[in-house]
Amino acid sequence: MYVYLNNAATTRVDGRVLYRFSKFFRNLYENPMTSFYSPGAKEVEAEMEKARKEVSDLINASRKEIYFTSGGTESDNWAIKGIALNHWEEKGEIISTPIEHSAVLSSLKTVREWGFSVKFLHVDKFGMVDPDEVRKLITGRTILISVMHANNEIGTIEPIKEIGEIAREKEIIFHTDAVQTAAHIPIDVEEMNVDLLSISAHKFYGPKGVGALYIRKGVKIKPFMDGGHQERGFRAGTHNVPGIIGMGEAAKIGLSEMDKEIKEILELKKYILERFEKIEGIYVNGHPEKKLPGNINISIEGVKAETMLLYLGLNGIIVSAGPSHVLKAIGIPENLYFNTIRISLGKFNTFEEIEYFLDVFEAGIREFRKKK
Ligand code: PLP
């Protein structure tokens, strides 16, 4: 049996996505930016705009606020560097968290080298930031706040709406990396007071190498890529047409099936956690309630993550493991630092797969602990 429990890393493309985007590789392959008078190119353009609307609906934005990119990494880079470039002369400060994805952390490192300063918020043992600390860190020089919507390792969902309210009140641009949450939990850029938001299609059953940056109307940001006039002059480069259309379909499906997906995944998760409770020395990381439905992050006493990963892999089960900057930031005890694994569930997982995983997992724990 092959059981894929690494859905936070990437997901299998939904068959409906594959069906809709495949014809844009062979039949409708024209470039709408250059074939002005071709009916094929017109159809391609119409489909891309339909996808833009589908992506905007997913986060309650308007169509013109969606800019297609090559994925989450590019969107995060653009958000941070694009705002920094806009303040090139006077520089300024950025507020963020120590548990961001490396796409954000590395971009912050770069803008630091450009002369900007970065202040990191504290996170508690669940990986949660405190909006009051955001308020305290804001100064007259703050140009951007970047806090992820949910963490990719421990699944904690951050108080984005509360931070958004503070950012709005202080008139500071607010970016959130929603790569782990888009199409998995509701997102409303209006309610959350977000100005910039990153998403990536391959995390919600869409194709790899395509994503989007939401840019609120009126927000001043410098383009990141120089070249052609695509994306209203803000993101140069020939469009990844099949990818964009695939992302549109994935967004549409994600929005319409979200409630069902959450319910089913939570049932699987509940069953896993009940079985884990019966095993001694298993500690669940991340926030107990404010957490991504599909995320389970555990530390296992007496069993190295590497050993467990290899053993599960040999039995056809794919999970992932730390250690990482996130585990360090939430203060995982040293003896558990290398004993932490992430199980991330997706909509294609079945109860039979979970039953198989748990049987293999429990047998492994017994075996490895006996050997010690
Ligand atoms: N941000 C977060 C929170 C992620 O989990 C990921 C993917 O691992 C990314 C950004 C990067 O996205 P992409 O793989 O589309 O570049």
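**Exercise 1. State what covers the buried residues of α6 in this predicted model.**

Solution.
- Start with the helix. α6 runs over residues 160-170.
- List its buried residues, those under 20% relative accessible area. They are Ile160, Ile163, Gly164, Ile166 and Ala167.
- Check their directions. These residues cover an arc of only 160° around the axis, which puts them on the same side of α6.
- Recall the helix geometry. An α-helix has 3.6 residues a turn, so residues three or four places apart point the same way.
- Look for the cover. It includes α5 (131-137), β5 (142-146) and β6 (173-177).
- Step past the helix end. Glu171 follows α6, and its phi is positive, near 60°.

**Exercise 2. Describe how α2 and α7 cross, and classify the residues in contact.**

Solution.
- Take the two helices, α2 (residues 39-58) and α7 (residues 241-277).
- Compare the axes. They come within 8 Å and cross at roughly 35°.
- Assign the hand. The crossing is left-handed.
- Collect the contact residues. From α2 they include Val44, Met48, Ala51 and Val55. From α7 they include Ile244, Ile245, Gly248 and Leu255.
- Sort by class. The contact has 12 nonpolar, 1 polar and 5 charged residues.

**Exercise 3. Compare the span of α11 with the expected span, then list its buried residues.**

Solution.
- Count residues. α11 (residues 351-371) has 21.
- Take the span. From first C-alpha to last, α11 reaches 30 Å.
- Compare. This is close to the 30 Å expected at 1.5 Å a residue.
- List the buried residues of α11: Glu353, Ile354, Phe357, Leu358, Val360, Phe361, Glu362, Gly364, Ile365 and Phe368.
- Note the charged side chains. Glu353 and Glu362 are among the buried residues, and Glu counts as charged.

Notes. Residues are numbered from 1 along each chain as its sequence is written. This is a predicted model: local features need pLDDT of at least 70, side-chain atom pairs count only at pLDDT 80 or more; totals for chains, interfaces and linings use all residues. Side-chain values use heavy atoms; hydrogens and water are left out. Axes are lines fitted to C-alpha atoms, for helices over the stretch in contact, and angles run from 0 to 180 degrees between N-to-C directions. Helices (H or I, at least four residues) and strands (E, at least two) are DSSP runs, numbered from the N terminus. A crossing is left-handed if the near helix is turned anticlockwise from the far one by less than a right angle, and right-handed if clockwise. Contact means heavy atoms within 4.5 Å. Buried means under 20% relative accessible area, exposed over 50%, partly exposed in between (1.4 Å probe, protein chains only). The arc is that of the directions from the helix axis to the C-beta atoms. The expected span of a helix is 1.5 Å times one less than its number of residues.
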